[in-house]
Amino acid sequence: MTGSRPRIVVCRWIPDEALALLREAGDVWVPDPDRALPPGELHEVLAGADAAVTTLSERVDGTFADAAGPQLKVVANVAVGYDNVDVPALAERGVTVTNTPGVLTDATADIAFGLLLSATRRLGEGERLLRARTPWSFHLGFMLGTGIQGATLGVIGLGQIGRAMATRARAFGMNIVYSGRRQAPADVEAQLEATYLPQDELLRTADIVSLHCPLTPETRHLIDADALAAMKPTAFLINTTRGPVVDEAALAAALRDGVIAGAGLDVFEQEPDVHPGLLELDNVAMAPHLGSATVETRTAMATLAARNALAVLAGEPALTEVTP
Ligand code: GLV
């Protein structure tokens with residue numbers, strides 16, 4: 001610490017409200033103007049940090065913590081997912097890791113449902129047609145999509161965001177099945193009228209499969225060529241969790257060959273790159289990782305991260321700690 005004020009390194013821009021909170025308590029470094037620092041430069045800036053506020057752009061591992069030094073107490077990741085953080089490596093060094101659950105649940109479910117509608121009702125494709133000034137006229141067979149009322153949504157991972165997605169789907173008249181590591185409590189199942197299925201059965205029966213599990217070694221390529229082949233040829237896949245949960249090359253091939261009908265993707269395996277095969281296809285709706293991208297949500301996420309950092313610096317328990 002510099003005197004009694006802690007050094008807080010904010011690795012990428014965060015909303016002003018959160019910066020202001022941090023500035024009340026410490027000396028804050030933040031890139032200005034905002035940019036992604038190459039690891040060498042980031043590690044130099046980290047030297048002497050008591051707290052770091054990170055985003056998905058940073059790989060936070062033992063090297064990151066060592067660059068900061070032994071006084072580093074907390075890494076507050078501004079995201080609910082923390083696959084960019086090597087939590088055990090930080091725990092070994094006595095560093096608390098926090099994430100931002102809860103505050104982005106609705107925004108992310110909104111994007112997932114938006115992609116579901118965009119893919120099934122061909123909204124992106126229709127807009128591309130108009131922007132290309134392609135001649136068109138209304139007729140009864142023009143650009144027909146797939147209705148979702150009475151269709152079955154298969155949620156993989158019925159955590160907070162999966163439940164919010166299921167709630168939206170219920171409001172649109174869909175039926176819910178789900179799979180995951182464990183069965184949800186009976187009251188959650190009852191409220192969503194959701195049925196727990198083994199994943200292979202979910203893949204065989206769902207009309208739309210939506211992914212809401214975190215990226216872990218177990219879920220990497222959970223949806224591979226075999227999983228896609230198990231889905232109905234009329235089915236759609238929605239991914240708003242992390243790109244590597246899906247084998248993107250296998251998905252591009254499946255969409256091209258009609259193995260499944262369509263997809264809606266907010267996340268990609270090698271962001272910011274998108275598999276070139278996907279870019280060729282009309283039956284995939286895409287967004288550039290916008291799940292939590294609203295002013296309100298990003299402010300809430302950054303503010304929660306700031307409060308987490310400040311709590312740990314003050315010797316108090318973090319609000320939302322990630323445990324190894
Ligand atoms: C965004 O992708 C998050 O994990 O918060």
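**Ligand contacts and cavity**

Mentor: A backbone N or O atom of Val80 sits 2.8 Å from an oxygen atom of the ligand; a polar contact is a pair of N or O atoms within 3.5 Å. This is a predicted model, where local features need pLDDT of at least 70, side-chain atom pairs count only at pLDDT 80 or more, and totals for chains, interfaces and linings use all residues. Residues are numbered from 1 along each chain as its sequence is written, and side-chain values use heavy atoms, leaving out hydrogens and water.

Trainee: How far is the polar side-chain atom of Arg242 from an oxygen atom of the ligand?
Mentor: 2.7 Å. For His289, a side-chain N or O atom is 2.8 Å from a ligand oxygen atom.

Trainee: How much of the ligand's accessible area does the protein cover?
Mentor: 88% of the 190 Å² that the ligand has on its own (Shrake-Rupley method, 1.4 Å probe).

Trainee: Which residues are around the ligand?
Mentor: Leu56, Ala79, Val80, Gly81, Leu104, Arg242, His289 and Met301, each with a heavy atom within 4 Å of the ligand. By class, five are nonpolar, two polar and one charged; Gly counts as polar and Arg as charged.

Trainee: New topic. How many cavities of 30 Å³ or more?
Mentor: One. A cavity is a set of points on a 1 Å grid over the protein atoms alone where a 1.4 Å probe fits but cannot get out.

Trainee: What volume does the largest cavity have, and what lines it?
Mentor: About 40 Å³, the space filled by probe spheres set on the points. The lining residues, with an atom within 4 Å of a point, are Asn239, Gly243, Val246, Glu248, Leu251, Leu265, Val267 and Phe268.

How values were computed: On a 1 Å grid over the protein atoms alone, a cavity is a set of points where a 1.4 Å probe fits but cannot get out, and a pocket is an open set with protein on both sides within 12 Å along at least five of seven lines; lining residues have an atom within 4 Å of a point. A polar contact is a pair of N or O atoms within 3.5 Å; within protein, one must be able to donate a hydrogen and the other to accept it, and residues adjacent in sequence count only if both atoms are side-chain atoms.
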